[in-house]
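Dear colleague,

Please find the structure below, together with its sequence.

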Amino acid sequence: MPKMICVLFMLFAAKTVLCAEPPYPIPPFKCPTLPKPEAATNVRQLRPGNIKVVMALGDSISAGFAMREHLPEDFLEYRGDVYSIGGFKDAITIPNWLRHYSSDIVGEALGVTKPLQKGAWLDGAVSMARVEDVPAQIDYLVNALKTEYKDQVDFNNDWKLLTLFIGANNICPSCTNSSHSWPSEFERGLRAVLDQIHTQIPRVFVNMLTIFNISGVWDAGQTKEYYRFLWEQVTQSECGCLTYGKASDREALALPSLCFNNTTPTLAPENVTLGQPVSTQGGSGG
C-alpha cells in the first residue's frame with residue numbers, strides 16, 4: 001500500500017502534458033520495476049501491479065479540453081493526453097506509468113473527442129460538469145465495463161483505479177451566491193457520488209483530488225495571449241465570476257475552494273469505514 005500511494009502522489013504532482021515535447025522539463029520516470037505481486041484480496045494488499053483498469057470522472061480538465069495551445073484544433077478534447085486517464089504514447093499519465101508495473105492495463109483514453117462528449121473509453125469526464133453531473137458519468141463507466149470492456153475486464157474481481165477530480169464549475173458562480181457553490185451542497189453531491197461508486201463498482205480504489213483556487217486561473221490566464229483568447233472568446237460563459245466579474249468577485253472564489261477541500265478529507269474516511277478505499281490528493285495548481 002505505501003508504494004502505491006507513493007507512485008500516485010508522484011503522478012499527481014506532474015501536470016498534464018502534450019504528446020509532443022512538454023513545455024517544461026519533467027524528470028524521466030526511473031522507478032524500478034517490481035516483481036509481479038500476489039493477487040490482492042483487499043486494499044491493504046494492493047500494489048501497482050494489481051491494477052488492471054484505469055478510469056476517470058470529472059470536468060474539462062479530465063476530458064482534456066483545449067490542451068494543445070493552438071487553434072483551431074484546440075476546440076477538441078485531447079483525452080489521450082490527460083494525466084489521469086490518457087494513453088497516448090510518451091504522455092505523462094497514470095496509465096502509462098502503471099504499465100511499468102502491469103502490462104495489461106485497460107481503460108485508458110486513446111484519442112480525441114469533440115467538446116462536451118459524454119465520456120469516451122473509461123474516461124467519463126464531461127466538460128463543464130459539476131458534482132451533481134457525476135452520477136451520470138458513473139452510469140457511463142458501469143455500462144462501458146459491462147459491455148464494451150466485458151471481454152477484457154472481470155467486473156467483480158479485477159482491481160480498478162478511479163481518479164475523481166470535480167468542483168471547479170461548482171465554485172464558478174460563487175459571487176452570485178448560487179446554491180451550486182454552497183459547500184454544504186457540494187458535500188451532499190460528493191457523498192452521493194462516493195456512495196454510488198461504493199454500491200455499483202466493486203474492487204475500486206478511488207483517488208480523489210482536492211480543488212485548486214479558481215481565481216488563480218484568471219491570474220495565470222492574463223500572462224499569455226492564447227489563454228486570454230480562450231477566456232474572452234471560447235469559455236467566457238463557463239465561469240462568469242472570473243470573466244465578467246470585478247476583482248472582488250474573483251477574490252470571492254477563494255473561500256469556497258478552501259471549504260470544498262475541507263469536505264474531501266472528511267468524506268474519505270467515511271468510505272474507508274464502509275470498505276471503499278479512498279485516497280485524497282492535492283489538486284492541480286491551475
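Residues 24 or more positions apart account for 71% of the contacts in the protein chain with a separation of 6 or more, where a contact means heavy atoms within 4.5 Å.

Some notes on the source come next. This is a predicted model, in which local features need pLDDT of at least 70 and side-chain atom pairs count only at pLDDT 80 or more, while totals for chains, interfaces and linings use all residues. Residues are numbered from 1 along each chain as its sequence is written, and side-chain values use heavy atoms, with hydrogens and water left out.

**Overall composition**

The protein chain holds 11 helices and four strands; these are DSSP runs (helices H or I of at least four residues, strands E of at least two), numbered from the N terminus. Of its 286 residues, 50% count as buried. Buried means under 20% relative accessible area, exposed over 50%, and partly exposed in between, with a 1.4 Å probe and protein chains only. The accessible surface of the chain comes to about 13300 Å², and 56% of that belongs to carbon and sulfur atoms; the areas come from the Shrake-Rupley method with a 1.4 Å probe, and for residues only the protein chains shown count as cover.

Helix H4 (residues 134–146) has 13 residues and reaches 19 Å from its first C-alpha to its last, close to the 18 Å expected at 1.5 Å a residue. The expected span is 1.5 Å times one less than the number of residues. In H4 the buried residues are Val134, Gln137, Ile138, Leu141, Val142, Ala144 and Leu145. Seen down the axis of H4, these fall within an arc of 165°, so they line one face of the helix; the arc is that of the directions from the helix axis to the C-beta atoms. In general, an α-helix has 3.6 residues a turn, so residues three or four places apart point the same way. The cover over the buried residues of H4 includes strand S1 (51–58), strand S2 (159–165) and helix H6 (183–200).

Helix H6 has 18 residues and reaches 26 Å from its first C-alpha to its last, close to the 26 Å expected at 1.5 Å a residue. Its buried residues are Phe186, Gly189, Leu190, Val193, Leu194, Gln196 and Ile197. Viewed down the axis of H6, they lie within an arc of 155°, so they line one face of the helix.

**Aromatic rings**

A search of the whole structure finds two aromatic pairs. Rings of Phe, Tyr and Trp (its six-membered ring) pair if their centres lie within 6.5 Å; planes under 30 degrees apart count as stacked, over 60 as edge-to-face and the rest as tilted.

Phe165 and Phe212 form an edge-to-face pair, 6.2 Å centre to centre with 65° between the planes. Phe165 lies in strand S2 and Phe212 in the loop between strand S3 (204–209) and helix H7 (214–221), so the pair ties together parts that are 47 residues apart in sequence. Phe165 is buried at 2% relative accessibility, and Phe212 is buried at 7%.

Phe186 and Phe260 form a stacked pair, 4.0 Å centre to centre with 10° between the planes. Phe186 belongs to helix H6 and Phe260 to helix H11 (residues 254–273), so this pair ties together parts that are 74 residues apart in sequence. Phe186 counts as buried at 3% relative accessibility, as does Phe260 at 1%.

The ring of Phe155 has the charged end of Lys146 over it, 5.0 Å from its centre. Lys160 also lies over the face of Phe155, at 5.5 Å from the ring centre. A charge sits over a ring if NZ of Lys or CZ of Arg is within 6 Å of the ring centre and within 35 degrees of the ring normal.

**Loop residues**

Most residues other than glycine have a negative phi. Ala66, although not a glycine, has a positive phi of about 60°; Ala66 lies in the loop between helix H2 (60–63) and helix H3 (94–98) and is buried at 14% relative accessibility. Arg203, also not a glycine, has a positive phi of about 50°. Arg203 is found in the loop between H6 and S3 and is partly exposed, with a relative accessible area of 27%.

Arg130, in the loop between H3 and H4, is partly exposed at 27% relative accessibility. Leaving aside residues up to four places away in sequence, Arg130 touches Ile166, Asn169, Asn170 and His180. The C-alpha atoms of Arg130 and Gly167, 37 residues apart along the chain, are separated by 6.1 Å.

Yours sincerely
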